[in-house]
Amino acid sequence: MTRHTTVLVVGAGPCGLAMAAQLRRLGVDVTVVDAESRPHTGSRAILLWPPVREVLDELGLAEDAARAAVRPAALHYHLGSGGSARVPLGASDLPLVLPQERTGQLLAKALADRGTTVEWGTRVSRITPTADSVRATLTRDAGGTEEIEADWLIGADGLHSSVREALGIEFSGARFPATFLLAEGRITRTATPGGPGAADNGNLSTQEIHYFLARTGVALLAPLPSGEFRLSGAVPTGTEATAEHAQALLDERGPGGLRFTEVRSVALFSSEERVAHTLRSGRCFLVGDAAHVHSPIGGQGLNLGIPDTRNLAWKLAGVVHGRLRPSILDSYDPERRAVIAQTLEATGRMARQAVAGPVAGHIRNLTWKLLQVTGVLTRAYAPMLAGWRSHYPDVLFGAPGTKQRTERSRPRPGTRDPRWTPRATDELAGRFQLFTHGDPAGPLAARAAELTADLPDVVAHIPSDGGQEHFVLLRPDGYVAASGGADDLSRAAERLASLVPALPSGTPAGEGRSR
C-alpha cells in the first residue's frame, strides 16, 4: 500500500529538522527521511547568528541553546602590522557558538516533542511529481522498499542532493580556488607572546572570536563550548591534515606562545559557490545546501539555510490549512534568491580577503583600521553578519511597476529590523503581527482593529504611547511586510486580503478558516 503524508522532508540535517519542526509547530503532518544510518557528528557549522536564534526561540529551544553555547562578546581582528580592530557584539547582533551536532540534537528534540521522529537509513530512490502530489520510492538499508505519496516535498539533503538531481535542477557555480585547514582541540599558553598578534594581545580572550590578519594569510581562532578552540585558515597546496601542520598554522599567524596540547580533529576542506537554477519545481522545494553553497568564511552557512525554512514554513502551512492562496508559494524563490545573492557577495568578498597576498593584505589591514576608527564596523559590519542587512524584493505586497513605499515607510518593506521582531508564542505562530503607535483611539488604531477583525491571521498590538501615528506589519518570518500611516495600512490590508482565499458566501468575517 502507498503511505500518504502532507509533507515529505528529505534530509535530517539542521535545515531538514528545522523545516519539519516548524511545520509540526504549525500543525502540518510531516515525514522525515535520511539516507544516513544515524545523525552526523562533529562541530561543522558553529556560528548561529540571530536568524537561527529566532527559529530556535520559536521552537522553544533558545534557553537550552544558550546554556550549551559560547556567547562571544566581540569579533577581534588582530592586524599583522600591529594594533587591532574590535567589533563589540550587542544583544541584537550576538551569535551563539554551538557545534552543529548539538544544534541538530536540539532540533531533533523539538521535532520529537511534536510527535515526529526521523526515519534513518531511508533513501529516496525515485521521485515522480504529479499535478496534485509527489510520489516517491523509499529504499531502506534494513531491506525493502515503500511507496509514499506526499502533497509536498522538501529537498534538504545537502550539497549532493538526490532530490535536486532527480528533479533535473542545474546547480551552477564553481569551486573557490583555495584549500582550508580546520583543527579543533585544546590550546594552552606556553610562552610570552611574540607572533603577529602579540602587539595587542598579551592575553587571548576566550570570550571573543579572533581573526589574525598576518602577512602570510588569515587565521580564525574561536572558543568552543567544550573549552577547546577551532583554528582554521587557507593553506598552501601540499599541506597535510596533521596536528603538526595545525600547530605550524597557529605559530605562523597566531599571537605566539600558543600550543595545541591535544588535537581532537584536523581536516582539509575546500568550498564552492553554487546556486540551484530554481528553488522550486512544482510541489517540490529546495532548502539549505541542496539549494546553495558558499564559502564558510563569516559563518553564514546555517544562517542562510535555516531562514530558507522559516520563509517557506509559514507559507506552506498557510496553503495546507487553506488560509493562504497557493500563489504565495511563488514568492519563495525570488525572495530567498535575493538573499542568497547578497550572502554570496559578502562571503565571496571575505573569502578573497582571507587569501589576499602581502600587498593586498597590507591594504586590507589599513582599511580595517579606518573602518574601526570611523565606527563602520560596529554600525554596519556586525549587523551585516547578524543578518539584519538582508532584504527581500517586495513581491508579496508590492505591485509590479509601482512603489508602495513612502518616505514614512520605516522600516522598509522587505527588510529586517532588530527593533521590530514578531513575538514568539505558539498562539501567534504563522500569523502576521501588526504593531501600531500613536493615539489608541485614533484612526490608525481603528483601522488596525478593523483589519484584525476581517483577517484572523493578523494579530494587532496597539500600545497607548500617544506618539506619532505609525505602524509596522511583520510577516510570520520577521520581515517587514508594510509600514507607514493609516493610508498605507489600508493599502497593505488590500494586498494582504488578496493572499487569502475567498470565503464561501454568507460566512461571517473571522470564521471558516482552519488554524
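These legends describe close-up views of aromatic rings in a predicted model.

**View 1. Tyr77 and Tyr211 form a stacked aromatic pair.** A search of the whole structure finds nine aromatic pairs, and one of them joins Tyr77 and Tyr211. A pair of aromatic rings is described by the distance of the centres and the angle of the planes. For Tyr77 and Tyr211 the values are 4.6 Å centre to centre and 10° between the planes. Tyr77 belongs to strand S4 (residues 74–79) and Tyr211 to strand S12 (residues 208–214), so the pair ties together parts that are 134 residues apart in sequence. Tyr77 has a relative accessibility of 5% and therefore counts as buried, the limit being under 20%. Tyr211, with a relative accessible area of 13%, is buried because this value is also under 20%.

**View 2. Phe285 and Tyr332 form an edge-to-face pair.** The ring centres of Phe285 and Tyr332 are 5.8 Å apart, with 80° between the planes. Phe285 is in strand S17 (residues 284–286), while Tyr332 is in helix H8 (residues 332–354). The pair links distant parts of the chain, 47 residues apart. Both Phe285 and Tyr332 are buried.

**View 3. Tyr77, Tyr211 and Tyr381 make up a cluster.** The three residues are linked by ring pairs. The stacked pair of Tyr77 and Tyr211 belongs to this cluster.

**View 4. Arg164 lies over the face of Phe171.** The distance from Arg164 to the ring centre of Phe171 is 3.7 Å.

**View 5. Arg416 lies over the face of Tyr479.** Here the distance to the ring centre of Tyr479 is 5.9 Å.

Definitions and conventions:
Residues numbered from 1 in each chain as written. Predicted model: local features only at pLDDT ≥ 70, side-chain atom pairs only at ≥ 80, totals over all residues. Heavy atoms only, no water. Phe/Tyr/Trp six-rings, centres within 6.5 Å; stacked < 30°, edge-to-face > 60°. Helix = DSSP H or I, 4+ residues; strand = E, 2+ residues; numbered from the N terminus. Buried < 20%, exposed > 50% of the residue type's maximum accessible area, 1.4 Å probe, protein only. Lys NZ or Arg CZ within 6 Å of the ring centre and 35° of its normal.
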